[in-house]
Amino acid sequence: MVATPDIAGAGDVAVNQSTMEKFSSFLDGEVPEAELEACIDRLLMDAEWQRRWDQVHRTRSLLAGHGTTQPGSHFSEGVAARLEPGSHE
Amino acid sequence: MSERLIDKALVRRAQAGEKRAFELLVRKYQGKVINLVGRYITDPSEREDVAQEAFIKAYRAIHRFRGASAFYTWLYRIAVNTAKNALVAQRHRPPRTDIDPSAAEQFNAAGPLVHQDTPEHQLLKLEIKNTVEQAMEHLPAEQRNALTLREVDGMSYEQIAQIMNCPIGTIRSRIFRAREAIYSRLEPLLS
């Protein structure tokens, strides 16, 4: 059994199943609205949640039978780089 | 609460200057936008470049997004306009059939297969498709049913719980475990 961080806890830490279920519920819009901001905080801070975010959206595309041309992380990294100050965009 | 509210919250953060919030929206919608742009731009590398440009335009205009429509509907219009402009820049003619912005919610990201698909790309697509199908087949029936009702039919946890006649917590667990099983099979292909 590993530690369960609270919802606002940051860091790439191992989480237990109930925490990930909360993430699943959050993604599906099933988390109470009062917890939305805390979940967003966590999503923005926690690498594991971000990884899940990517996986869930990729898998959804695949399960729906489309979006098989999913780009890799280079795409979002490219956007981020082009948004950096000093970029010639 | 719906996914739209999650997008709205991320947009609000992006408007407040949190770039990472916008990055998460990019990661969520990149596949859809690339496929949408692919209706206009057939060259795969250029398609990604134009899709990136659409996201950049969206970021620069994010303070003007008031949430009257869903974020993706707004992004969809930007992506279509960016793709059309890219076509003009290439001195190509835009397609004769225009795309209706109101169709954004229903847009199927598949689009036509691109002629320039390489054999390697085709093979990867086939592998991914087979892996998803196999992963689904190997799931226990109750997990497979719960996941299908959620992901394919778009039902809420509550609706699924009613249909499957079990507590909502059980549905959450089933969907969670089903996703876990699929992720573990897909990860080597997607990473």
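**Across the chains: salt bridges and a cavity**

Let's start with B:Arg27, which is buried at a relative accessible area of 18%; here buried means under 20%, exposed over 50% and partly exposed in between, with a 1.4 Å probe and protein chains only. Keep in mind that this is a predicted model, where local features need pLDDT of at least 70 and side-chain atom pairs pLDDT 80 or more, while totals for chains, interfaces and linings use all residues. As for bookkeeping, residues count from 1 along each chain as its sequence is written, chains are lettered from A and ligands numbered from 1 in the order written, and side-chain values use heavy atoms, leaving out hydrogens and water.

What does B:Arg27 meet in a salt bridge? Its partner is the side chain of A:Asp54, at 2.9 Å from N to O. A:Asp54 sits in helix α3 of chain A and B:Arg27 in helix α2 (residues 19-37) of chain B, so this pair joins two chains.

Another one pairs the side chains of A:Glu30 and B:Arg150, with 3.9 Å from N to O. This pair crosses between chains too: A:Glu30 belongs to the loop between α1 and α2 (36-45) of chain A, and B:Arg150 to helix α6 (residues 141-152) of chain B. Both A:Glu30 and B:Arg150 are buried.

Within chain B, B:Arg13 pairs with B:Glu18, their closest N and O atoms lying 3.5 Å apart. Is each partner buried or partly exposed? B:Arg13 is buried, at 12% relative accessible area, whereas B:Glu18 counts as partly exposed at 33%. Salt bridges that share partners also build a network, joining A:Asp28, A:Glu30, B:Arg150, B:Glu151 and B:Arg179.

B:Arg179 turns up again in the lining of the largest cavity, alongside A:Met20, A:Phe23, A:Ser24, A:Leu27, A:Arg52, A:Val56, B:Phe176 and B:Tyr183. The elements giving two or more residues to that lining are α1 (17-27) and α3 (47-63) of chain A, plus α8 (168-190) of chain B. Which element supplies the largest share? That would be α1(A), with four residues. By class, the lining has six nonpolar, one polar and two charged residues; Ala, Val, Leu, Ile, Met, Phe, Trp, Tyr, Cys and Pro count as nonpolar, Asp, Glu, Lys and Arg as charged, and the others, Gly among them, as polar.

The volume of this largest cavity is about 40 Å³, and the count of cavities of 30 Å³ or more comes to two. A cavity is a set of points on a 1 Å grid over the protein atoms alone where a 1.4 Å probe fits but cannot get out, and lining residues have an atom within 4 Å of a point. Grid points are joined across faces, edges and corners, and the volume is the space filled by probe spheres set on them.

Two last stops. A:Ala38 has its place in helix α2 of chain A and is partly exposed at 22% relative accessibility. From A:Ala38 to A:Glu84 it is 46 residues in sequence and 27 Å in space, C-alpha to C-alpha. Over in chain B, B:Asn165 is found in the loop between α7 (157-164) and α8. B:Asn165 has a positive phi of about 55 degrees although it is not a glycine, and it is exposed, with a relative accessible area of 70%.

Technical notes: On a 1 Å grid over the protein atoms alone, a cavity is a set of points where a 1.4 Å probe fits but cannot get out, and a pocket is an open set with protein on both sides within 12 Å along at least five of seven lines; lining residues have an atom within 4 Å of a point. A salt bridge is a side-chain nitrogen of Lys or Arg within 4 Å of a carboxyl oxygen of Asp or Glu.
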